Amino acid sequence: MKIGDVELVIVEDANDVAGVTAKRLAGAAQEGGSVVLTGGRTPKQAYEQAAKAEPDWSKVELWWGDERCVPPHDDNSNYGMAKKALLDSLERAPAAVHRIKGELGKEEAAKDYELELGDTELGLLLLGIGPDGHVASLFPNAPTLQQRERVLPADPGLEPFVDRVTLSLPTLRRAVELLFVVSGAEKADAVRRAFVEKPGPETPASLVRAESGRTTAILDRAAAADLEG
């Protein structure tokens, strides 16, 4: 199923979303390049399955689309979640792991990550969609939607209310492949606004499409419930 320039893959439930995502991650690990991870419950399941499906990630470099400004061992750290779910289970580690150092504070962490990112071409980039339509840490109608640096400091838009660091809209759009990973009935309205309605800053996810690559959304039936009509 395709809506506009987004290929929609609709599966039964969150477990199936995780399974399809895990297969794509395992494929990316075999292909090599740069893979950009996201946070969330369903991505966590996907990471766990991907580590079992392909335990050798030595061909890829890992990046993150956004991070909370907390230490890496904090329960709210996207890196910390991925370390437990994916990295700690691999037989061969990635060629490099580029985490956002949130503990530096949003301004310094953003500058640090901007320098580390440089002109890296990002390959497979995973994204979630919040119930409010946010993507990465780009929140509805936030000033960051107008900013063009590759990496941005960001204010919190929902719980947990901690500062953030995020890739910008232009950076997300330049990825070779964007993969939205979304499950749950609470996301249905945001999914409709992201993929059916006119794009706008009130729904940041609607503004994220790969400029010269592929954009795919893996949705469970609950998340896709409002797409028809």
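This is a predicted model: local features need pLDDT of at least 70, side-chain atom pairs count only at pLDDT 80 or more; totals for chains, interfaces and linings use all residues.
**Helix α1**

Start by selecting residues 14–31, which form helix α1. The helix has 18 residues and reaches 26 Å from its first C-alpha to its last, close to the 26 Å expected at 1.5 Å a residue.

Next, colour the buried residues of α1: Val 17, Ala 18, Gly 19, Thr 21, Ala 22, Leu 25, Ala 26, Gly 27, Ala 28 and Ala 29. As background for reading such a list, an α-helix has 3.6 residues a turn, so residues three or four places apart point the same way. Then step to Gly 32, which follows α1 and has a positive phi, near 90 degrees.

Select Gly 40, in the loop between β3 (33–37) and α2. Gly 40 has a relative accessible area of 40%, so the residue is partly exposed. Show Leu 127 as well: Gly 40 and Leu 127 are 87 residues apart in sequence, yet their C-alpha atoms are 9.4 Å apart in space.

Now display α2 (residues 41–53) with α3 (residues 78–85). Their axes are 8 Å apart and the packing angle is about 35 degrees. The crossing of α2 and α3 is right-handed. Which residues make the contact? From α2 there are Lys 44, Tyr 47, Glu 48 and Ala 51, and from α3 Met 81, Ala 82 and Ala 85. By class, five residues in this contact are nonpolar, two are charged and none is polar.

**The loop between β7 and β8**

Move to Ala 136, in the loop between β7 (124–127) and β8. Its phi is positive, near 50 degrees, although Ala 136 is not a glycine. Asn 141 is found in the loop between β7 and β8 too, and its phi is also positive, near 60 degrees. Is each buried or exposed? Ala 136 counts as buried because its relative accessibility is 12%, under the 20% cut-off. Asn 141 counts as exposed because its relative accessibility is 54%, over the 50% cut-off.

**The cis peptide**

Select Glu 159 and Pro 160, which are joined by a cis peptide bond with omega about -10 degrees. Pro 160 is in the loop between β8 (151–154) and β9 (164–167).

**Thr 216**

Finish at Thr 216 in strand β11 (residues 214–220). Thr 216 is buried, at 8% relative accessibility. Leaving aside neighbours within four places in sequence, Thr 216 is in contact with Val 6, Glu 7, Val 9, Leu 178, Leu 179 and Phe 180.

Note on methods
Residues are numbered from 1 along each chain as its sequence is written. Side-chain values use heavy atoms; hydrogens and water are left out. Axes are lines fitted to C-alpha atoms, for helices over the stretch in contact, and angles run from 0 to 180 degrees between N-to-C directions. Helices (H or I, at least four residues) and strands (E, at least two) are DSSP runs, numbered from the N terminus. A crossing is left-handed if the near helix is turned anticlockwise from the far one by less than a right angle, and right-handed if clockwise. Contact means heavy atoms within 4.5 Å. Ala, Val, Leu, Ile, Met, Phe, Trp, Tyr, Cys and Pro count as nonpolar, Asp, Glu, Lys and Arg as charged, and the others, Gly among them, as polar. The expected span of a helix is 1.5 Å times one less than its number of residues. Buried means under 20% relative accessible area, exposed over 50%, partly exposed in between (1.4 Å probe, protein chains only).
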